[in-house]
Amino acid sequence: MTTRIAIIGASGRMGKALLEAVTQNPASSLGAAVGRPGSSLIGADAGEIAGIGKRNIVLLDDLSQCMDSFDVLIDFTTPQTTLANAELCAAHGKGIVVGTTGFSAAEKQALLAYQDRIPLCIAANFSTGVNLCLKLLQTAAQVLGADADIEIVEAHHRHKVDSPSGTALRMGEVIAETLNRDLEKVAIYGREGQIGPRQRDSIGFATVRGGDVVGDHTVMFLADGERVEITHKASSRLSFARGAVRAAIWLQQQKKGVFDMQDVLGLK
Ligand code: NAD
């Protein structure tokens, strides 16, 4: 049995990588591809948009037109679009893999509420390597957290609209949870001017934007006399896309609830 997957935002940067990953995975097939209403690409062959050859699936402009064509939706778009799609998936009993980042607290809460009706897999980063790093960060925080200052530095391409990245925030959350700190209270998002010495419990975030950087994250544990750095560098969007397809195949077996990539990889 293959999992029929629909991709929304199919002509976007991640959308194209997802189209490629769905067709590469023998356990999945492309059920539907949806783009932004008004896009000049509507009606074009999805495979040709992704540069992987004709797939005989045309890009539609309305997800509600193709709800019977797929088992699980993969959504890497914008928070508002994802919320509207989650409602549609809930009405039709379809699971949804959410890669979109930049949700406000209220939007995140609204998204999580769908867990009573459908299965959702939500992750700020679907790459296997980053999810391994989250596990390593728990260990590093347990061993070094009391003695080290913790700083998170991330870099992304110039088009990224949210900051810090969802992945950097997730890294901060994992560390804060491990150390019993409240991230909202201890996070410092950038520094400027006469701000005084560093507070021991702070978790600092620094953001770099530019060029075509796919996604770099480094977490530094800075102690007296030594420091440990855990770094992940993504060089291709296919690393996220392959993980999201793996998550969609896994999600088809779930009835309802909210899951993340750690569940998919069995890292919990
Ligand atoms: P992008 O702007 O290239 O792509 C977004 C696509 O969504 C565009 O093609 C746009 O037309 C489409 N879209 C927007 N509104 C739509 C609507 N109403 N209906 C249909 N399509 C619509 O951006 P991107 O770089 O592909 O990133 C998309 C999101 O994925 C961002 O939030 C980004 O942070 C996130 N992301 C997550 C991961 C992860 O592993 N979780 C990895 C990379 C990017």
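**View 1. The ligand and the backbone of Ala 123.** Here a polar backbone atom of Ala 123 sits 3.1 Å from a nitrogen atom of the ligand, a polar contact being a pair of N or O atoms within 3.5 Å. This is a predicted model, where local features need pLDDT of at least 70, side-chain atom pairs count only at pLDDT 80 or more, and totals for chains, interfaces and linings use all residues. Residues are numbered from 1 along each chain as its sequence is written, and side-chain values use heavy atoms, with hydrogens and water left out.

View 2. Thr 101 puts a polar side-chain atom 2.6 Å from an oxygen atom of the ligand. For Lys 160, a polar side-chain atom is 3.0 Å from an oxygen atom of the ligand. On its own the ligand has 860 Å² of accessible area, and the protein covers 80% of that (Shrake-Rupley method, 1.4 Å probe).

**View 3. The shell around the ligand.** Look around the ligand and you'll find 22 residues, the closest being Arg 13, Met 14, Thr 101, Ala 124 and Phe 126 (a residue counts if one of its heavy atoms lies within 4 Å). By class, that's eight nonpolar, ten polar and four charged residues, with Gly counted as polar.

**View 4. Helices H5 and H6.** H5 spans residues 128–144 and H6 residues 166–178; their axes come within 9 Å and cross at roughly 30° (lines fitted to C-alpha atoms over the stretch in contact, angles from 0 to 180 degrees between N-to-C directions; helices are DSSP runs, H or I, of at least four residues). Residues in contact (heavy atoms within 4.5 Å) include Leu 134 and Leu 137 in H5, and Met 171 and Val 174 in H6. The contact residues divide into eight nonpolar, four polar and one charged.

Terms used. A polar contact is a pair of N or O atoms within 3.5 Å; within protein, one must be able to donate a hydrogen and the other to accept it, and residues adjacent in sequence count only if both atoms are side-chain atoms. Helices (H or I, at least four residues) and strands (E, at least two) are DSSP runs, numbered from the N terminus.
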